[in-house]
Amino acid sequence: MRSETKETRGGNRVDGGFYVNRKTFDLVTVSGKKGVLPGEANDLYLKVPTLAMVVAAPLLGASFVIFLPFVGIALFAAAGFRKVANLGKAGKPAEPARETR
């Protein structure tokens, strides 16, 4: 049994639910029974089942909470490495601003 993908274009009137823009991966929520998708006719949206969103939302949130400290540590280490290796913006200091009248 093959399941049909529920795709529609921007600007169309659709049933309420969750839609993902296939170009930008933006998640759009259409509230109520019917609504209009944002964007132009060349924007293609894929309908995401509500059950999939109920399962995916806590998993995505947990991965964000788990990996965010590692990203912060990596950025801090990279900034320290640049400072030690003198890879920052090297050059002469900026000249003071001149007053013009």
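This is a predicted model: local features need pLDDT of at least 70, side-chain atom pairs count only at pLDDT 80 or more; totals for chains, interfaces and linings use all residues.
**View 1. Four strands make an open antiparallel sheet in the order β1-β4-β2-β3.** Helices (H or I, at least four residues) and strands (E, at least two) are DSSP runs, numbered from the N terminus. Two strands count as paired if DSSP finds at least two bridges between them. At the edges stand β1 and β3, each with a single partner strand, so one side of each has no neighbour in the sheet. From one strand to the next, the twist averages 40 degrees. Axes here are lines fitted to C-alpha atoms, for helices over the stretch in contact, and angles run from 0 to 180 degrees between N-to-C directions. Helix α1 (residues 50–85) lies across β2, β3 and β4, at about 80 degrees to β4.

**View 2. β1 is joined to β4 (residues 44–48) by three bridges.** The two strands run antiparallel, and Glu 7 has Leu 46 as its bridge partner in β4. Thr 8 also sits in β1. With a relative accessible area of 16%, Thr 8 is buried (buried means under 20%, exposed over 50%, partly exposed in between, with a 1.4 Å probe and protein chains only). The side chain of Thr 8 makes a polar contact of 3.1 Å with that of Asn 12. For a polar contact, a pair of N or O atoms must lie within 3.5 Å; within protein, one must be able to donate a hydrogen and the other to accept it, and residues adjacent in sequence count only if both atoms are side-chain atoms. Leaving aside neighbours within four places in sequence, Thr 8 is in contact with residues including Val 14, Leu 37 and Tyr 45 (contact means heavy atoms within 4.5 Å).

**View 3. The β2–β3 hairpin has five residues between its strands.** Seven bridges pair β2 with β3 in the antiparallel sense; among them, Arg 13 has Val 36 as its bridge partner in β3. Phe 25 lies in the loop between these strands and is exposed, at 67% relative accessible area. Its phi is near 60 degrees, a positive value in a residue other than glycine. Most residues other than glycine have a negative phi.

View 4. Not counting residues up to four places away in sequence, Asn 21 touches Asp 26, Asp 43, Leu 44 and Tyr 45.

**View 5. Six residues make up the largest nonpolar core.** They are Val 14, Tyr 19, Val 28, Val 30, Leu 37 and Tyr 45. The elements giving two or more residues to this core are β2 and β3. A nonpolar core is a set of buried Ala, Val, Leu, Ile, Met, Phe, Trp, Tyr and Cys residues joined through side-chain atoms within 4.5 Å. Val 14 is in contact with residues including Tyr 19, Val 30 and Leu 37, leaving aside its neighbours within four places in sequence.

**View 6. The structure holds two salt bridges.** A salt bridge is a side-chain nitrogen of Lys or Arg within 4 Å of a carboxyl oxygen of Asp or Glu. In one of them, Glu 7 meets Arg 22 at 2.2 Å, N to O. Glu 7 lies in β1 (residues 7–9) and Arg 22 in the loop between β2 (13–21) and β3 (27–36), so this pair ties together parts 15 residues apart in sequence. Both side chains belong to partly exposed residues: Glu 7 at 37% relative accessibility and Arg 22 at 44%. Asp 15 forms a salt bridge with Lys 34, with 2.7 Å between the closest N and O atoms. Asp 15 is in β2 and Lys 34 in β3, so the pair links parts 19 residues apart in sequence. Asp 15 is partly exposed at 34%, and Lys 34 is partly exposed at 46%.

Terms used: Residues are numbered from 1 along each chain as its sequence is written. Side-chain values use heavy atoms; hydrogens and water are left out.
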